[in-house]
Amino acid sequence: MDNIYFDNGSTSWPKAPGVSETMAELLTQGAFNINRGNYEGAYEIEGLVLDTREQLARLFHARNSKGVVFTPNVTYSLNLFLKGFLRSGDHIVVTGLEHNAVMRPLEQLKGIGVTYDIAPVDREGNLKVGDLESCIHKNTKAVLTTHASNVCGTLVPIQEIGELCGKYGLIFAVDTAQTAGTLEIDMEKCKIDFLAFTGHKGLLGPQGIGGFLISERLDSEMVPLIAGGTGSLSDSLVMPENLPDKYESGTMNLPGIIGLHAALTYLEKEGIPKIHRRKMELTEYFLGKLSKIPEVRIVGRKTCESRVAVVSLDFQRKDNAVTAFELEQEAGIMTRVGLHCAPIAHQSLGTFPRGTVRFAFSAANREEEIDRCIETINKIL
């Protein structure tokens, strides 16, 4: 029996063609350090890193590739923003869909006098921009939102929120963990000052590489949390102010960046809209089949409008964890069950504390896999 991978919300699989081969080639033929080694092999790798920055700048419609900074993942990026920008007495607005990558740093920052409000969402994960606006105070410095819920897949209207932030002069930060490589995201059009991304989900790259893109306005007000060697201005004990060096101390994850470069090259060739259409075809097929099973509650939107290919199910008369276990045992179906590191989102959606069983599709999945999944669900029930 072949396994069926429906956990692309955690990490994508399979990865883009060429990712593993490119990383292996680097590690076997010359894993040289950039900004340190003064020889041809190091310069070649440095050129690939620059190419990757430029790919990401094109992907997110950023003005300058110098504002592309590499980190291990979205969580690191969000921590660098929150703890490098907010000061005692500052206030920030987030949404009722946020991941713990946002909520846990904010809870820590309460200890130094930072406060936050959570803009409410309804049981489908829909956010009204007016509700968010009502959370803005005199000391509000920023709005931070996920672009799509990692629990139910509902999209947040980032362009409208960006306009709102422009009206109030606020910094606008967006978590694209579930949308980078899946949807068109225009930093300029949406007035985004900080965009956090990870390479291992929709971008189809390896784990351990992510980053952020930052506006000049935000960069002028943000301090780097990590200080150390950058290979530049080595005569100074003070961190460089120039981008991206300001936020990239220490040796970078070069195999991860090179793998991400291969994945981005594939996405540019295939076209993100084409890949997204395929994922949403599978999501629509799945939702249609589920609508005939009354014992299953679809958490969030019941249609494909304003969502990504992430679907959470709440099994009304059966323990969700047991159901996920039986899906794997019966048919090799791999999902993610629980609270998905997003208790705030589950409280908003009415699934706290029991959580849900989450299904997240890739373009590599097939209708016959969904058919087998539906058959297994009916059998389990």
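## Q207 and its setting in a predicted chain

At 49% relative accessibility, Q207 counts as partly exposed, because that class lies between buried, under 20% relative accessible area, and exposed, over 50% (1.4 Å probe, protein chains only). The model is predicted, so local features need pLDDT of at least 70 and side-chain atom pairs count only at pLDDT 80 or more, while totals for chains, interfaces and linings use all residues. Residues are numbered from 1 along each chain as its sequence is written, and side-chain values use heavy atoms, with hydrogens and water left out.

Q207 sits in the loop between strand 7 (194-198) and strand 8 (210-214); helices (H or I, at least four residues) and strands (E, at least two) are DSSP runs, numbered from the N terminus. Leaving aside residues up to four places away in sequence, Q207 touches T11, K15, H200 and N253, where contact means heavy atoms within 4.5 Å. From Q207 to E248 the separation is 41 residues in sequence and 18 Å in space, C-alpha to C-alpha.

The protein chain as a whole holds twelve helices and 13 strands, and 56% of its 381 residues count as buried. Its radius of gyration, taken over C-alpha atoms, is 21 Å, which agrees with the value near 21 Å that a compact globule of 381 residues would have; the globule rule is 2.2 Å times the number of residues to the power 0.38. Along the principal axes, the C-alpha trace spans about 70 × 55 × 35 Å. Among contacts between residues at least 6 apart in sequence, 70% join residues at least 24 apart.

Helix 4 (residues 100-109) is largely enclosed by the rest of the structure, because seven of its ten residues are buried. Those buried residues are N100, A101, V102, M103, P105, L106 and L109, and their cover includes helix 3 (74-85), strand 3 (91-95), strand 4 (115-119), strand 5 (140-146) and helix 11 (343-349).

A search of the whole structure finds zero disulfides, a disulfide being a pair of cysteine sulfur atoms within 2.5 Å. C165 is in no disulfide, and its nearest cysteine sulfur belongs to C190, whereas the sulfur of C304 is too far for a bond from the closest one, in C152. The table sets out the sulfur distances.

| Cysteine | Nearest cysteine sulfur | Distance |
|---|---|---|
| C165 | C190 | 11 Å |
| C304 | C152 | 13 Å |

C165 counts as buried at 1% relative accessibility, while C304 is partly exposed, with a relative accessible area of 24%.
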